[in-house]
Amino acid sequence: MPELDPFRLDGQRVLLTGAAGHLGRSIGRAIVAAGGRIVLAGRTRSTLSRMADDLRGEGGPDTASVLVVDLADDESRVRAVEKLASDGGSLTGIVNNAYGGRAGSIDDIRAEDFQHACALNLVAPFELTRLLLDLLARSAKDRPGGSSVVNIASMYGMVSPDPSAYPDERSRNPPHYGATKGGLIQMSRYLACHLAPRNVRVNSLAPGPFPSEHVQLEQPALVERLSAKVPMGRPGLPHEVAWAVVFLLSPASSYITGANIPVDGGWTAW
């Protein structure tokens, strides 16, 4: 057995997309708390820079860096990957957490909504993994657990939203959300099987209801309806996804690839 703390990320460098979002902020803190270094990817430099400063205060000057990128734009994505791959550093993990897509029902969702959701939720995670594969594979050599890609999917990639939980059609979970998250789960399985010989593991997490602070304050009735569908009787807390991400990035999960792990309080176990 390797003589290390298998749940630590010391010596690892991880790219996190959607870094400034509701779950992204908690994931970033958890990676740094576990000893990892992080590349914060997103569209707004000022927001990412503030987050990076906070993380450096917790983990040291080399803890966090910023990568400004529009993941739905091919040219922006390629430029960002080239910058990351040319800076001389290793890359042992990618957390594909960015999401895009508006709420709505069947009656008002259009083809362009699907196209945008697919570009950000499926094409971007695939392209990041493909374009950074050589760097991931080089970084994986002789490393316990190799390199790891963690795709943030959703319970709605496994089951359909219950319309009764969303009586306001304008705030309904839209059809393109679950469709792209289900695709992300399947793509994770595919990549896991094909990248295992290069010591690169690929898994997905399927969070359940994790309403933001804003939603909890502004829509308490919605939070109550969602909580009623959870065996544990409550929504999730962001760190509960973050800890699962750290596990899948760490050597503690060295024999886990191709898995989809629900983090849903039992929602999909009913």
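A pocket here is an open set of points on a 1 Å grid over the protein atoms alone, with protein on both sides within 12 Å along at least five of seven lines. Its volume is the space filled by probe spheres set on the points, which are joined across faces, edges and corners. Keep in mind that this is a predicted model, where local features need pLDDT of at least 70, side-chain atom pairs count only at pLDDT 80 or more, and totals for chains, interfaces and linings use all residues. Residues are numbered from 1 along each chain as its sequence is written, and side-chain values use heavy atoms, with hydrogens and water left out.

The largest pocket holds about 1000 Å³ of space. Its lining (residues with an atom within 4 Å of a point) has 33 residues, and Y99, N173, Y177, F210 and P211 lie nearest the centre. The largest share, three residues, comes from α1; helices are DSSP runs of H or I with at least four residues, strands are runs of E with at least two, and both are numbered from the N terminus.

The second largest pocket has about 350 Å³ of space. Its lining counts 20 residues, with G18, G42, R43, A98 and Y99 nearest the centre.

Now for the loops. D142 sits between α5 (133-140) and β5 (147-152), and its phi is positive, near 60 degrees. D142 is exposed, at 82% relative accessible area (exposed is over 50%, buried under 20%, partly exposed in between, with a 1.4 Å probe and protein chains only). N199, between α6 and β6 (200-207), also has a positive phi, near 65 degrees.

Conventions: On a 1 Å grid over the protein atoms alone, a cavity is a set of points where a 1.4 Å probe fits but cannot get out, and a pocket is an open set with protein on both sides within 12 Å along at least five of seven lines; lining residues have an atom within 4 Å of a point.
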